[in-house]
Amino acid sequence: MIAPRVILSAAHCVVSWENNEFLDLGTMLAQVGGVVRNEGKSYEIVQAIIPEIFDTQSGLFGDIALLELSENVNITTAILHDTNSTSDMLTVIGWGFTSNTSALSSSLLHTLIERLPDEECHRFHWNSGLGDAPVDHFC
């Protein structure tokens, strides 16, 4: 939660696994307030904002979504950026897969990752044949 009615998510979380198309908002609910799947309260998602550069096939760029809920949630919102911090460590949180062959996690997972310097990120993109990293991208 980044605001009382807004969830920051990944764009790939609102794409169908069967056909790589965006899911119908009428079929999606956001579960808020738990660390185990189906725990907490369900909220209707009324709007999903996803960057035009997001490619549902590769999911490489613009993999971000803002999900607006039908009502406010009484929960503490996340701090996205601490301007006083000098750390290059980022927290990643999600319900995703832990490997290519695993089942979807039933518990909310989190880990710390180190943000790569911009020069190293750009070098990785070029060496991987992806071209230059977009300006809104970090590694």
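## Exercises on a predicted model

Asp 118 counts as partly exposed, at 40% relative accessibility. The model is predicted. Work through the tasks below with the structure in view.

**Exercise 1. Find the salt-bridge partner of Asp 118, and say how exposed that partner is.**

Step 1. Asp 118 forms a salt bridge with Arg 115. Their closest N and O atoms are 3.3 Å apart.
Step 2. Check the partner's accessibility. Arg 115 has 32%, so Arg 115 is partly exposed.
Step 3. The whole structure holds three salt bridges.

**Exercise 2. Which parts of the chain does the salt bridge between Arg 5 and Glu 68 tie together?**

Step 1. Take the distance. The closest N and O atoms of Arg 5 and Glu 68 are 3.5 Å apart.
Step 2. Locate both ends. Arg 5 lies in the segment before β1, and Glu 68 in strand β4, so the pair ties together parts 63 residues apart in sequence.
Step 3. Arg 5 is partly exposed at 30% relative accessibility. Glu 68 is partly exposed at 27%.

**Exercise 3. Where do Lys 41 and Glu 71 sit in the chain?**

Step 1. The two form a salt bridge, with closest N and O atoms 3.7 Å apart.
Step 2. Lys 41 is in strand β3, and Glu 71 is in the loop between β4 and β5. They are 30 residues apart.
Step 3. Lys 41 has 43% relative accessibility and counts as partly exposed. Glu 71 has 38% and is partly exposed too.

**Exercise 4. Which residues make the nonpolar surface patch of about 410 Å²?**

Step 1. The patch is made by Leu 8, Ile 49, Ile 64, Leu 66 and Leu 80.
Step 2. Pick out Leu 66, which is found in strand β4. Leu 66 is partly exposed, with a relative accessible area of 31%.

**Exercise 5. Which element has the highest mean pLDDT, and which the lowest?**

Step 1. Strand β4 has the highest, 94. Helix α1 has the lowest, 83.
Step 2. Across the protein, pLDDT averages 83, and 94% of the residues score at least 70.

Key: Residues are numbered from 1 along each chain as its sequence is written. This is a predicted model: local features need pLDDT of at least 70, side-chain atom pairs count only at pLDDT 80 or more; totals for chains, interfaces and linings use all residues. Side-chain values use heavy atoms; hydrogens and water are left out. Patches are made of residues with over 30% relative accessible area and no salt bridge: like charges are joined within 9 Å, nonpolar side chains (Val, Leu, Ile, Met, Phe, Trp, Tyr) within 5 Å. Accessible areas come from the Shrake-Rupley method with a 1.4 Å probe; for residues, only the protein chains shown count as cover. A salt bridge is a side-chain nitrogen of Lys or Arg within 4 Å of a carboxyl oxygen of Asp or Glu. Helices (H or I, at least four residues) and strands (E, at least two) are DSSP runs, numbered from the N terminus. Buried means under 20% relative accessible area, exposed over 50%, partly exposed in between (1.4 Å probe, protein chains only). pLDDT is the predictor's confidence in each residue, from 0 to 100.
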